[in-house]
Amino acid sequence: MTEQTNSLSNTHMAVATLAGGCFWCLEACYQQLDGVKSVVSGYEGGHVENPTYEQVCDGDTGHAEVVRLTYDPDVVTFEELLIVFFQIHDPTTLNRQGNDIGTQYRSAIFYHDDAQKAAADHLIAELMAEMTYQHPIVTQVVPAQTFWPAEAYHQNYFRQHPDQGYCAYVVAPKLKKFREKFARRLKSAA
């Protein structure tokens, strides 16, 4: 029965975990990318179990705001997810994205296997060699750790609060730029 079930389901999902500043921005973009099945905002890379948003914002837990993506690698590859990642945040600012300052806003790729690590290292080296950015890339490439989902009110935040100040002035412009740059890769209903 297991073999039959597996043969009926030819779609296998993969997981990617990325930190690029405020998770609301990354979530809003990746939710619209074809092949991404789910996006969960959360925290990773720290030393406190089940941290709260307030604890993470205080900067004492060591966590980064991340998005955990479940995606279909037959539709979108890990490398393509990273290309989007390097377009929708600034990987050259240490512990900062715009006015968001602190280790929780660092740029990081939490890899889940050796292939993800190799892809991340390769792309970073390529971007550096091409001098894509004016400054060096400071994105951490580190093993995945315990992922803690953020509180329910952070999930689908931009969709639920598009007129909220941060969403209107920070998330919306990033999302607009993403949609223009990756128009051919958007979900048809996006």
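Which residue in β3 does V36 stand opposite? The residue that faces V36 is Y71 in β3.

The structure is a predicted model, in which local features need pLDDT of at least 70, side-chain atom pairs count only at pLDDT 80 or more, and totals for chains, interfaces and linings use all residues. Residues are numbered from 1 along each chain as its sequence is written, and side-chain values use heavy atoms, with hydrogens and water left out.

**Sheet**

Helices (H or I, at least four residues) and strands (E, at least two) are DSSP runs, numbered from the N terminus. Strand β2 (residues 36-44) and strand β3 (residues 64-71) run antiparallel and are joined by 8 bridges; two strands pair if DSSP finds at least two bridges between them. Both strands belong to an open sheet of 6 strands with mixed pairing, in the order β7-β6-β1-β3-β2-β8. The edges are held by β7 (140-143) and β8 (148-149), each of which has a single partner strand, so one side of each is left without a neighbour in the sheet.

**Aromatic contacts**

The structure holds 6 aromatic pairs. Rings of Phe, Tyr and Trp (its six-membered ring) pair if their centres lie within 6.5 Å; planes under 30 degrees apart count as stacked, over 60 as edge-to-face and the rest as tilted. Two of the pairs share W24, as the table sets out.

| Pair | Centre to centre | Angle between planes | Class |
|---|---|---|---|
| W24 and Y157 | 3.7 Å | 5° | stacked |
| W24 and Y166 | 5.6 Å | 75° | edge-to-face |

W24 lies in helix α2 (residues 23-30) and Y157 in helix α6 (residues 157-160), so their pair ties together parts that are 133 residues apart in sequence. Y166 is placed in helix α7 (residues 165-181), so the pair of W24 with Y166 links parts that are 142 residues apart in sequence.

Accessibility is classed by relative accessible area: buried means under 20%, exposed over 50%, and partly exposed in between (1.4 Å probe, protein chains only). W24 is buried, at 9%, and Y157 also counts as buried, at 11%. Y166, at 22%, counts as partly exposed.

A further group of rings, F23, Y43 and Y53, forms one aromatic cluster.

**Segment after α7**

R184 is located in the segment after α7. With a relative accessible area of 83%, R184 is exposed. The C-alpha atoms of R184 and L33 are 9.4 Å apart in space, while the two residues are 151 residues apart in sequence.
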